[in-house]
Amino acid sequence: MATTPLPHVAPDCSSLQHSPVTRRRWLGWSLALAASPALASPAQPGASLPWPNRPLQLIVPWPAGGQTDLTLRVLCEEAAPLLGQPIVVINKPGAAGTQVAPLLKAAEPDGHTIGQVPITVYRHALMNAVPWDPVADFSPILQVSSVTFGILVPASSPWHSLAELVDWAQKHPGELILGSTGIGTTAHLAMEEILLQHGVRYVHVPYKGTADQMLAVAGAQIMAGVNSTGFAPWVDQGKIRLLATFNAQRSPRWPEVPTLRELGYEQAVYTSPWGLAAPHGTPEAVVQKLHDVFRQAMFSERHQAALARYDQTLDYLDTHSYRQAVLNTVEREKRLLKRMNLLAHPAN
């Protein structure tokens, strides 16, 4: 049964400026496919055609032109020759990256539709009653990358360390005004976990995106903010000060900035890792081939350069390890969301 085309189709990866589709390139793809027995076998028992037998669709739950979208286009461009089929990007932004979930659940589990799944998809299902379950409805393929989160204050702020911020907030209960990219986002939960340890009460201001929040921090409309590496230009221009990051190790871009782990918050490692997944029921052999192709593509020089441009890093996990990491994250966030009274009550 053919997969119904999804709406809002962005140009496929093969149409990018650096990789025009020519007859010679198609011939090269075909030869690569023929030379790789691992990619030429049928996708499903009883299938009469080899997999893949048509272009793949990659659902990206972010706007076209954003940092994740751009790096994914490079990734699928690197993967397409290995598959022998182009990969069409479907942009479905909104709802904190969760629009991928219902589309992926509804897609045919034949390996021709996959999705980029941010950690917010799993968190959203814990916080809301939704007609999909990312743990049960998705088949993880592999984890690809993650981002850097940081605690930021205006350049004019008197605080030059997290300890100074926390000390002030403890002495002024309820007066700290702190922004994030939304209630229940990684940025919000990461800071909440820190402040809960100190019994700090504060005013949380959710923003729609990075640009709005960074303008508010730079203009001292709020006292502090937590965000991912969209803050980099503001820090580099001296408009915002970076107090600490949530990485496991210091960022090569800001080697003088400590991590929360260094500051004594051992569990405060948040990188919002994301990966690729297929609909539940996709044959294991197809998931394995998707893993092998995208693993080779993600370690390509061009893809790694694209990630570095946006301060992202390779954070590879194979299919089994990725699924286990997701399950571990879900359990951890259940506990945190319950403490924050954000955990949805299951229906009776």
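User: Which residue in β8 is the bridge partner of G179?
Analyst: The bridge partner of G179 in β8 is G225. Please note that this is a predicted model, in which local features need pLDDT of at least 70, side-chain atom pairs count only at pLDDT 80 or more, and totals for chains, interfaces and linings use all residues. Residues are numbered from 1 along each chain as its sequence is written, and side-chain values use heavy atoms, without hydrogens and water.

User: In which sense do β6 and β8 pair?
Analyst: Strand β6 (residues 176-180) and strand β8 (residues 224-227) are paired in the parallel sense, over two bridges. Pairing requires that DSSP finds at least two bridges between the strands. Strands (E, at least two residues) and helices (H or I, at least four) are DSSP runs, numbered from the N terminus.

User: And how many bridges join β5 to β8?
Analyst: Three bridges join them, and the two strands run antiparallel. In this pairing, L152 has G225 of β8 as its bridge partner.

User: Which way do the β8 residues point?
Analyst: A224 and V226 point one way, whereas G225 and N227 point the other way. In a regular strand the side chains alternate between the two faces of the sheet. All of these β8 residues are buried, that is, under 20% relative accessible area with a 1.4 Å probe and protein chains only; exposed is over 50%, and partly exposed lies in between.

User: What is the strand order of the whole sheet?
Analyst: The order is β7-β6-β8-β5-β9, in an open sheet of five strands with mixed pairing. β7 (202-206) and β9 (240-245) are the edge strands with a single partner each, so one side of each has no neighbour in the sheet. From one strand to the next, the twist averages 25 degrees.

User: Which helix packs on it?
Analyst: Helix α8 (residues 210-218) does, touching β5 (150-154), β6, β8 and β9; contact means heavy atoms within 4.5 Å. The direction of α8 makes about 155 degrees with that of β8. Such angles run from 0 to 180 degrees between N-to-C directions, with axes fitted to C-alpha atoms, for helices over the stretch in contact.

User: Changing topic: which residues of α11 are buried?
Analyst: In helix α11 (residues 301-309), they are H303, A306 and L307. They lie on the same side of α11 because they cover an arc of only 100 degrees around the axis, taken from the directions from the helix axis to the C-beta atoms. On the other side, E301 and R309 are exposed.
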